[in-house]
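Please open the model in a viewer and keep the selection panel at hand.

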Amino acid sequence: MAHSGINLIFEGQNLPRLLGGLWITIRVALIAIIAGGVLGIFLGVLRTFKNRFLRFILRLYLEFFRIVPTVVLLFLFYYILPKSMNLNLPAAEVATLVFTLWMAAEASDIVRGALISVPQHQVDSGLAIGLNRSQLYYYVLIPQSLKLMLPAMMNLISRIIKTTSLLLLISVLDVINVGQQIIEANQKQYPQGAFWVYGVIFVLYFLICYPFSLLAKKLQKD
Amino acid sequence: MNRKSKSWVLILTVVAALALIFPAFAKPTTANAASNDSSVSAIKKRGTIKIAVFQDLPPYGWVNKKGKLTGYDLALARQVAKDLGVKTKFVQVNANNRVDALNSNKVDIVLANFTVTDERKQVVDFAKPYMKVSVGVISPKSKPITKVSQLKGKDLIVTKGTTAENYFTAQQKDVNLQKYDSKTQQFNALKNGRGVALADDNSYLYAWVKNNPKYTVGIKSIGPKQYIAPAVKKGNKSLLTWTNKEITKLNKANFFEKSYNSQLKPYFGSEVKASDIIITNK
């Protein structure tokens, strides 16, 4: 009975279960980051256009996802959509959808900010050599703004990854949820189990998030 | 954007958010007969029953080392599916989203240590209970408390928000209550001798006393009995009737007694009899 709690991690199916939970966490986060990132760049470009109606709609979208807490968004999509629209998605898909829309909303603002920070003379020069509007974005604005948006984007990405820890609230069997099941199931045998399980989860999250920091550093230098 | 249009954006955002949320309240949450996705025939047609269970509450619903869901509620859930002739799909719930899981059609039935209360009866339909709990009182074996009258003027340890706190506050005014925030705190307080006894749901106490043999459940049951029952979506008559028949049938077959012996007895120890927990009126 008096052995250290680390055994808990390696007992039975515990470790494979934790890693299975981690895979679900990574899958939700990765799909959201990639799909949301692409959508966010597109919307960010649209937001620099002069059309007032378009800007208003996109602003509304951004503010909705920025102001409403993620927990509320998850509950909205998980419980209220099925009730009012008869759209009953599995929990992990609801989570992916919410995180994608959230990523897109916040990314659109980062992209917009970066695009309008590209110096005006770059735009003028581009126009002077006869680029049309899409060429201007493709050759001048987007390449130059990429570097400007990197720090904020990396920040957003690690926020998305960390926020997946809320998924247990809508019963997604993510790494935190599996961890809690293991802790509760072994409460009697391993009273210190929580420390070890959360310790392992801490390391796992670090292993996912840290490469993004390294990547950002590298990209910033090049 | 100027200040005026900014405030408009804000207002419209709020309106849009409300518009999203509103239909949920406007729509009655009863399942109507025409489109009842959770009726017995619909479940049989689908071939799976969606059951809400706890996955972190031993010994009722939890995951064992092999990664398999197990527990007293799970034993019932599997039996229900077997008798319906369908497969099971378990949906994990927490204490506070059991009602929503039913109302949003995430599950057909809740088997998650769901205590019947008047408030909950307004929003879901409970079938016949399959378990009972009530408030119990533990005390050191050396100075056992076996009657409420022994507590008069003494300090009793409880946790805030529990049925035990409610009962003693309302019904036993001459007992001094010491209120704590968590289970861990309350048990530590008892061990340190801060009160003469401790009151909580008796099922927790049985399990705790088993690991702390210096203490005994002196008062096994006090105050009103509370029942644990399966719940279905409000108005789902078809599944409710079927479940009631099922519970009666299982009771006759001594299913709950067997389930008690295999799932709960190892946790509760020998101080408890099956009849303290399960409902045996056949």
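This is a predicted model: local features need pLDDT of at least 70, side-chain atom pairs count only at pLDDT 80 or more; totals for chains, interfaces and linings use all residues.

Residues are numbered from 1 along each chain as its sequence is written, chains are lettered from A and ligands numbered from 1 in the order in which they are written, and side-chain values use heavy atoms, with hydrogens and water left out.

**The interface.** Select chain A and chain B together. In contact (heavy atoms within 4.5 Å) are 31 residues of chain A and 34 residues of chain B. Between them the two chains bury about 3,000 Å², with 60% of it on carbon and sulfur atoms; buried area is the accessible area (1.4 Å probe) that two parts lose on being put together, summed over both. Next, select A:Tyr79, A:Lys83 and A:Lys188, which supply 21% of the area that chain A buries against chain B, more than any other three residues.

**The domains of chain B.** Colour 33-130 + 229-277 as domain 1 and 133-226 as domain 2 of chain B; such bounds come from an automatic or database domain assignment. Their C-alpha centres lie 29 Å apart. The contact takes 11 residues from domain 1 and 10 residues from domain 2 of chain B. About 930 Å² is buried between these two domains, and carbon and sulfur atoms give 54% of that area.

**A sheet in chain B.** Select β2, β3 and β4 of chain B, three strands that form an open antiparallel sheet in the order β2-β3-β4. Strands (E, at least two residues) and helices (H or I, at least four) are DSSP runs numbered from the N terminus, and two strands pair if DSSP finds at least two bridges between them. β2 (56-57) and β4 (69-70) of chain B are at the edges with a single partner strand each, so one side of each has no neighbour in the sheet. Two bridges join β2(B) to β3 (residues 61-63) of chain B, and B:Leu57 has B:Gly61 as its bridge partner.

**Two backbone features.** Most residues other than glycine have a negative phi, and most peptide bonds are trans. Select B:Pro58 and B:Pro59, which are joined by a cis peptide bond with omega about 0°. B:Pro59 sits in the loop between β2 and β3 of chain B. Then move to B:Asn105, whose phi is positive, near 60°, in the loop between α4 (98-103) and β6 (109-110) of chain B.

Which residues are closest to the centre of the second largest pocket? Select A:Arg47, A:Thr48, A:Phe49, A:Lys50 and A:Ile116, the closest of the 21 residues that line it. α3(A) gives the most to this lining, with five residues.

Note on methods. On a 1 Å grid over the protein atoms alone, a cavity is a set of points where a 1.4 Å probe fits but cannot get out, and a pocket is an open set with protein on both sides within 12 Å along at least five of seven lines; lining residues have an atom within 4 Å of a point.
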